[in-house]
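Please look over the model below before reading my comments.

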Amino acid sequence: MPKIVDHDQRRLELVDATWRIIARLGMEGATMREIAEEAGFANGALKPYFPTKDLLLTSAFGHVFNRTNQRIATMTDGLSGVAALRAFCAEVLPLDEERVNEARIVIPFWQKALNDADMAALHSESMSQWHTTITAHCAAARAAGEITTPIGDAAVADHLLNMMLGAQIVVALSPTEHFSRDLAGQLDNYLALLAG
(Lines give C-alpha, C1' and ligand atoms only; values in the text may rest on other atoms or scores of the structure.)
Protein backbone atom coordinates (compact mmCIF):
# COMPACT_ATOMS: atom_id res chain seq x y z
CA MET A 1 0.00 0.00 0.00
CA PRO A 2 1.49 3.41 -0.96
CA LYS A 3 2.37 5.80 1.84
CA ILE A 4 -0.14 8.64 2.25
CA VAL A 5 1.61 12.00 2.38
CA ASP A 6 0.04 14.89 4.25
CA HIS A 7 1.13 17.75 1.99
CA ASP A 8 0.01 20.50 4.37
CA GLN A 9 2.00 18.89 7.18
CA ARG A 10 5.04 18.58 4.92
CA ARG A 11 4.81 22.27 3.98
CA LEU A 12 4.64 23.19 7.66
CA GLU A 13 7.67 21.00 8.43
CA LEU A 14 9.63 22.76 5.68
CA VAL A 15 8.60 26.20 6.95
CA ASP A 16 9.56 25.22 10.50
CA ALA A 17 12.93 23.97 9.24
CA THR A 18 13.44 27.27 7.39
CA TRP A 19 12.62 29.16 10.58
CA ARG A 20 15.21 27.18 12.55
CA ILE A 21 17.93 27.46 9.90
CA ILE A 22 17.55 31.23 9.45
CA ALA A 23 17.58 31.72 13.23
CA ARG A 24 20.73 29.59 13.54
CA LEU A 25 22.69 30.35 10.36
CA GLY A 26 21.20 33.56 9.01
CA MET A 27 19.63 34.12 5.62
CA GLU A 28 22.76 33.31 3.63
CA GLY A 29 23.13 29.99 5.43
CA ALA A 30 19.55 29.03 4.66
CA THR A 31 20.20 27.15 1.44
CA MET A 32 17.59 24.83 0.03
CA ARG A 33 19.95 21.93 0.80
CA GLU A 34 20.33 23.00 4.46
CA ILE A 35 16.57 23.44 4.82
CA ALA A 36 15.85 20.02 3.30
CA GLU A 37 18.42 18.39 5.59
CA GLU A 38 16.99 20.18 8.64
CA ALA A 39 13.50 18.92 7.75
CA GLY A 40 14.80 15.40 7.10
CA PHE A 41 13.95 15.42 3.39
CA ALA A 42 15.94 14.89 0.23
CA ASN A 43 16.97 18.17 -1.43
CA GLY A 44 14.64 17.59 -4.39
CA ALA A 45 11.65 17.10 -2.08
CA LEU A 46 11.34 20.87 -1.57
CA LYS A 47 10.64 21.76 -5.21
CA PRO A 48 7.02 20.54 -5.37
CA TYR A 49 6.17 22.61 -2.29
CA PHE A 50 8.42 25.64 -2.67
CA PRO A 51 9.99 26.00 -6.13
CA THR A 52 12.06 29.00 -4.98
CA LYS A 53 13.76 30.14 -1.81
CA ASP A 54 11.78 33.41 -1.93
CA LEU A 55 8.49 31.51 -1.74
CA LEU A 56 9.82 29.59 1.23
CA LEU A 57 10.93 32.82 2.91
CA THR A 58 7.50 34.37 2.35
CA SER A 59 5.88 31.31 3.92
CA ALA A 60 8.29 31.47 6.86
CA PHE A 61 7.39 35.13 7.44
CA GLY A 62 3.67 34.32 7.26
CA HIS A 63 4.22 31.47 9.72
CA VAL A 64 6.06 33.73 12.18
CA PHE A 65 3.36 36.40 11.86
CA ASN A 66 0.64 33.80 12.50
CA ARG A 67 2.49 32.35 15.51
CA THR A 68 2.87 35.83 16.95
CA ASN A 69 -0.83 36.55 16.39
CA GLN A 70 -1.78 33.31 18.15
CA ARG A 71 0.28 34.31 21.16
CA ILE A 72 -1.22 37.80 21.10
CA ALA A 73 -4.75 36.38 21.00
CA THR A 74 -3.99 34.10 23.96
CA MET A 75 -2.29 36.77 26.05
CA THR A 76 -4.84 39.54 25.37
CA ASP A 77 -7.89 37.34 25.87
CA GLY A 78 -10.10 39.02 28.46
CA LEU A 79 -7.92 42.14 28.63
CA SER A 80 -8.70 45.64 27.44
CA GLY A 81 -7.12 49.08 27.39
CA VAL A 82 -3.53 49.48 28.58
CA ALA A 83 -3.34 45.90 29.85
CA ALA A 84 -4.19 44.66 26.34
CA LEU A 85 -1.68 47.08 24.79
CA ARG A 86 1.08 45.88 27.11
CA ALA A 87 0.28 42.22 26.43
CA PHE A 88 0.14 42.81 22.65
CA CYS A 89 3.49 44.58 22.56
CA ALA A 90 5.16 42.02 24.82
CA GLU A 91 4.42 39.29 22.28
CA VAL A 92 6.11 41.23 19.46
CA LEU A 93 9.09 42.60 21.38
CA PRO A 94 12.12 40.27 21.35
CA LEU A 95 11.94 39.45 25.06
CA ASP A 96 13.13 35.84 24.87
CA GLU A 97 15.02 33.50 22.57
CA GLU A 98 11.95 32.50 20.57
CA ARG A 99 11.04 36.11 19.79
CA VAL A 100 14.66 37.02 19.00
CA ASN A 101 14.69 34.13 16.52
CA GLU A 102 11.47 35.43 15.00
CA ALA A 103 13.15 38.81 14.53
CA ARG A 104 15.99 37.05 12.71
CA ILE A 105 13.46 35.81 10.17
CA VAL A 106 11.56 39.07 9.85
CA ILE A 107 14.66 41.18 9.13
CA PRO A 108 15.81 39.28 6.00
CA PHE A 109 12.19 39.22 4.85
CA TRP A 110 12.16 43.03 5.00
CA GLN A 111 15.32 43.12 2.89
CA LYS A 112 13.73 40.88 0.26
CA ALA A 113 10.48 42.87 0.38
CA LEU A 114 12.31 45.98 -0.82
CA ASN A 115 12.44 44.46 -4.31
CA ASP A 116 9.48 42.08 -4.27
CA ALA A 117 5.97 43.52 -4.59
CA ASP A 118 4.26 40.40 -3.20
CA MET A 119 6.46 40.33 -0.10
CA ALA A 120 6.00 44.07 0.39
CA ALA A 121 2.22 43.66 0.13
CA LEU A 122 2.27 40.84 2.71
CA HIS A 123 4.26 42.99 5.12
CA SER A 124 2.01 46.01 4.56
CA GLU A 125 -1.12 43.93 5.18
CA SER A 126 0.38 42.43 8.35
CA MET A 127 1.38 45.79 9.78
CA SER A 128 -2.00 47.30 8.86
CA GLN A 129 -3.70 44.52 10.82
CA TRP A 130 -1.52 45.18 13.86
CA HIS A 131 -2.02 48.95 13.57
CA THR A 132 -5.81 48.52 13.54
CA THR A 133 -5.71 46.29 16.63
CA ILE A 134 -3.35 48.58 18.56
CA THR A 135 -5.48 51.62 17.69
CA ALA A 136 -8.59 49.84 18.99
CA HIS A 137 -6.81 49.00 22.28
CA CYS A 138 -5.77 52.66 22.57
CA ALA A 139 -9.34 53.82 22.03
CA ALA A 140 -10.56 51.44 24.75
CA ALA A 141 -7.83 52.69 27.10
CA ARG A 142 -8.78 56.30 26.38
CA ALA A 143 -12.46 55.56 27.01
CA ALA A 144 -11.50 53.99 30.34
CA GLY A 145 -9.44 57.06 31.30
CA GLU A 146 -6.14 55.12 31.14
CA ILE A 147 -4.79 57.22 28.26
CA THR A 148 -5.04 61.00 28.54
CA THR A 149 -2.36 62.18 26.11
CA PRO A 150 -3.55 64.56 23.38
CA ILE A 151 -1.64 62.42 20.86
CA GLY A 152 -4.21 60.56 18.78
CA ASP A 153 -4.72 56.82 19.00
CA ALA A 154 -3.46 56.16 15.45
CA ALA A 155 -0.28 58.12 16.20
CA VAL A 156 0.24 56.12 19.41
CA ALA A 157 -0.14 52.95 17.34
CA ASP A 158 2.52 54.31 14.95
CA HIS A 159 4.88 54.93 17.88
CA LEU A 160 4.37 51.46 19.33
CA LEU A 161 4.82 49.72 15.98
CA ASN A 162 8.03 51.64 15.30
CA MET A 163 9.30 50.82 18.79
CA MET A 164 8.57 47.11 18.41
CA LEU A 165 10.04 46.79 14.91
CA GLY A 166 13.07 48.86 15.86
CA ALA A 167 13.63 46.67 18.92
CA GLN A 168 13.58 43.59 16.69
CA ILE A 169 16.38 45.05 14.58
CA VAL A 170 18.52 46.18 17.52
CA VAL A 171 18.21 42.94 19.49
CA ALA A 172 18.71 40.68 16.47
CA LEU A 173 21.91 42.53 15.60
CA SER A 174 23.34 42.79 19.13
CA PRO A 175 21.43 40.48 21.50
CA THR A 176 24.03 40.47 24.28
CA GLU A 177 23.92 44.26 24.62
CA HIS A 178 20.16 44.56 25.04
CA PHE A 179 18.23 42.77 27.72
CA SER A 180 14.55 41.92 27.79
CA ARG A 181 14.03 43.84 31.05
CA ASP A 182 15.26 47.00 29.30
CA LEU A 183 12.71 46.57 26.51
CA ALA A 184 9.91 45.74 28.93
CA GLY A 185 10.87 48.79 30.98
CA GLN A 186 10.89 51.01 27.90
CA LEU A 187 7.41 49.78 27.03
CA ASP A 188 6.14 50.44 30.56
CA ASN A 189 7.69 53.93 30.52
CA TYR A 190 6.03 54.77 27.22
CA LEU A 191 2.65 53.51 28.42
CA ALA A 192 3.07 55.57 31.62
CA LEU A 193 3.67 58.69 29.49
CA LEU A 194 0.35 58.08 27.73
CA ALA A 195 -1.44 58.16 31.07
CA GLY A 196 0.22 61.38 32.21
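Predicted model: local features only at pLDDT ≥ 70, side-chain atom pairs only at ≥ 80, totals over all residues.

1. Residues are numbered from 1 along each chain as its sequence is written, and side-chain values use heavy atoms, with hydrogens and water left out.

2. The chain contains eight helices and zero strands, where helices (H or I, at least four residues) and strands (E, at least two) are DSSP runs numbered from the N terminus. In sequence order the pattern therefore reads α-α-α-α-α-α-α-α. Along the principal axes, the C-alpha atoms occupy a box of roughly 65 × 40 × 30 Å.

3. Of the 196 residues in the chain, 43% are buried, a term that means under 20% relative accessible area, with exposed meaning over 50% and partly exposed in between (1.4 Å probe, protein chains only). Among contacts with a separation of 6 or more, 68% are made by residues 24 or more positions apart, contact being defined as heavy atoms within 4.5 Å.

4. The accessible surface of the chain is about 10300 Å², and carbon and sulfur atoms contribute 56% of that area, as computed by the Shrake-Rupley method with a 1.4 Å probe. There are 16 positive and 24 negative side chains, with the centres of the two sets 6 Å apart; Lys and Arg count as positive and Asp and Glu as negative, whereas His and the chain ends are not counted. Each charge is placed at NZ of Lys, CZ of Arg, CG of Asp or CD of Glu.

5. Helix α3 covers residues 53-76, and its 24 residues reach 34 Å from the first C-alpha to the last, close to the 34 Å expected at 1.5 Å a residue; the expected span is 1.5 Å times one less than the number of residues. After α3 comes glycine 78, which has a positive phi near 85°.

6. Beyond its neighbours within four places in sequence, isoleucine 72 contacts Phe88, Glu91, Val92 and Trp130. Between the C-alpha atoms of isoleucine 72 and arginine 10, which are 62 residues apart along the chain, the separation is 26 Å.
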